[in-house]
Each structure stands twice: as structure tokens, then as C-alpha cells.
Amino acid sequence: MQTTKNATGQPAAMANRRRFISIGAAAGLAGTMPWAFAQDSGGYPKQPIRIVVPFAAGSGTDAVARITGQMLGDALKGSVIVDNKAGANGVIAAEAVAKAPPDGYTLFMTTNTTHSANPSLMKSLPYDPVKDFAPVSRMGNLPFMLVVNNELPVKNVAELLAWGRAHPGKLTYASGNSTGIVCGATLSRMSGVPMLHVPYKSTPPAIADLIGGQVSMMVVDLAAGLATVKAGKMRAIAVTTQERTKLFPELPPLADTPELKGFDITSWNGVFAPAGTPREIVRKLNKVLADMANGTVFRERVAKLGFDAFGSTPENSGCVHTAGKLMPPS
């Protein structure tokens, strides 16, 4: 087959493709590929970047962090390592990042656990969630769902509450993060059904004990629990958001149950750097991460995990201490 060439000697198809990419980038088509065309910022990065995660391998945040790290490394043409520092409700990881050199080589992928909930749940913290960190980008939301052990004879929230009232002191709920703690306590308080809290260091062992019948139920993010639910190892009966989530539309909200009217709890996920990180590095990272989170490739990959991705500017990340509540980007 004969190939048509243009005046520069390039195949016409190749020239047209290059022109299309150039025009697309100039037009700001952030939904597909521009995260791969990061601007140079003083040669950064010159060494591997470490993304610290405050939860164990196998958690929802960990899964999202690994996809983020791989795509960030590709975009920056460098190496990105995920470093899990689980424990103490995220305090261990948060303190480590807060004390890390502000050079752009230590990042923190975290949730409202360390930055919104801990200031209310703990008497003291070895870090300041606002002063010790520089927001880089919101990465999205982690919808949560209420799941129960398969042997518990309930198929919906009304049946769960009725069973709890008929068996006082028998309902137990596990938690692997602050959202699990807050949701379980709120569910018990609003319904008036006593529930025993069983805290875990992270989500994976909590799920394992739920499957094994050591606990009755837990509130878990879709990213960590969706595969287990689909495998039939535990039963999902509701989501914690006031509206149904497009990631699992068949699940009704807890708020649909009369005793739980107004129940609406969710969790954000975002990336931080230590306070004092050079503004040009934060801006470069934001460009890559926000475009990635708003792009088709990343969004489709993490949606399969049960994560709702979207990016933001550092100023509008919404990743700040707001007394346990999420402040959405403006």
C-alpha cells in the first residue's frame, strides 16, 4: 500500500495525528490525555517520589494510590513508590509526612480520617492538619456502604434494626477508619439500637473478621469492599450517602429508613505535600494529578474499584479540617 507524505516528508496520517494532539492540548481537552504532557519544572523530579498512605495494603485508599502512583510516574517520566504506614487512625502516616523534607519527593494520599475526623476524635495530635500540609489536589470521593455477615438473617436496614432490637447487645460493628467509626456510632444513636464498636488497625482485617462472623457488620468504602460483596462473601444493604451512588445504584441510602432520615456521610480522598513545598512543584503536581483525576482513563480504572474520581486546584481541594464534614470544592 502506498503512503502519502506531506511537504516535510512525514506520512500524512502521522502529521495529521500530531496536529490533532497539539490542537487538543491547546484547547484544554483535559478529559483524555493531557496529564501525560506535564510541563518541566526545574528538572523535577530527579529522584523517586514516595506516596505515603495511612492505611494498609488492600484498603481502598491503597488501591487508588497505586493507580495514581503508576500514572503519575508515567506522566513525570519518573518513579513513584507507595509507602503504607497504617495505624493509629492515620496518625503515624500523617506525622511522618508533616516532618518530611518539603522538597516534593514525599506526598500524602489520605482521606478525611487524618484531616477532618481526627481533630474531633482525638484529644491531641502530633500534627496540625492545616498548618503542616500543602494541599495538592482532590482526587475524588470514596462512597461507603453498610455490609453485614452473610449469616445475619437480614436483607435490608429495617430488618437489621428489627433484629438488633430483638437481640439486645448482639449487634457489633467493625471499623478500619474514622468514617467507619462515625457511621457506626451515628447509626446506633439515630436508630436507638445498641451496637458494640470493634476497632481495627485497617480495613482488610476488619473485612476478614466480618466474613468469618467475628463481627456482625461494618461500614466500608466501595473501593475496599465492592469486590468482596460481588464475590458473595458479605452482603451490602445500603450506602451512607443521602442519594444513591452511580457506582452501585441498586443500593438504597440509609436515609431511606425512617429512623435514619437525614443520614448522609461520605469521605473525600486527596493528595498533600508537606507545608513549605515550593509552589512551582505543587503547581506542577496539581496539573498532572487534577488532569488525571478528571480524565477518562483514570476515572474508568478507579470506578471499577468503587471510587468516584475528580480533580481540583489546590485552593479548591476541599481537603481541610471541617469538623468532620466535607467542604465541597467551590
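Before you start, note that the model is predicted: local features need pLDDT of at least 70, side-chain atom pairs count only at pLDDT 80 or more, and totals for chains, interfaces and linings use all residues. Residues are numbered from 1 along each chain as its sequence is written, and side-chain values use heavy atoms, with hydrogens and water left out.

Stop 1: Select the strands in the order 2-1-3-10-4-11 and you have an open sheet with mixed pairing. (Strands are DSSP runs of E, at least two residues, and helices runs of H or I, at least four, numbered from the N terminus; two strands pair if DSSP finds at least two bridges between them.) Strand 2 (80–84) and strand 11 (308–309) each have a single partner strand, so one side of each is left without a neighbour in the sheet. (Contact means heavy atoms within 4.5 Å.) Then zoom in on Gly140, whose bridge partner in strand 11 is Ala309; strand 4 (residues 133–142) and strand 11 run antiparallel, joined by two bridges.

Stop 2: Strand 6 (residues 172–175) pairs with strand 7 in the parallel sense over four bridges, and Tyr173 has His197 as its bridge partner in strand 7.

**Stop 3: a cavity.** (On a 1 Å grid over the protein atoms alone, a cavity is a set of points where a 1.4 Å probe fits but cannot get out, a pocket is an open set with protein on both sides within 12 Å along at least five of seven lines, and lining residues have an atom within 4 Å of a point.) Strand 6, helix 6 (178–191) and strand 8 each give two or more residues to the lining of the second largest cavity. About 40 Å³ of space lies inside.

**Stop 4: the largest cavity.** Select Phe55, Thr61, Phe144, Asn177 and Asp221, the closest to its centre of the 13 residues that line the largest cavity. Its volume is about 90 Å³.

**Stop 5: a pocket.** Finish at the second largest pocket, whose volume is about 170 Å³. Its lining residues include Asn141, Arg244, Asp264 and Asp308.

Technical notes:
Points joined across faces, edges and corners; volume = space filled by probe spheres on them.
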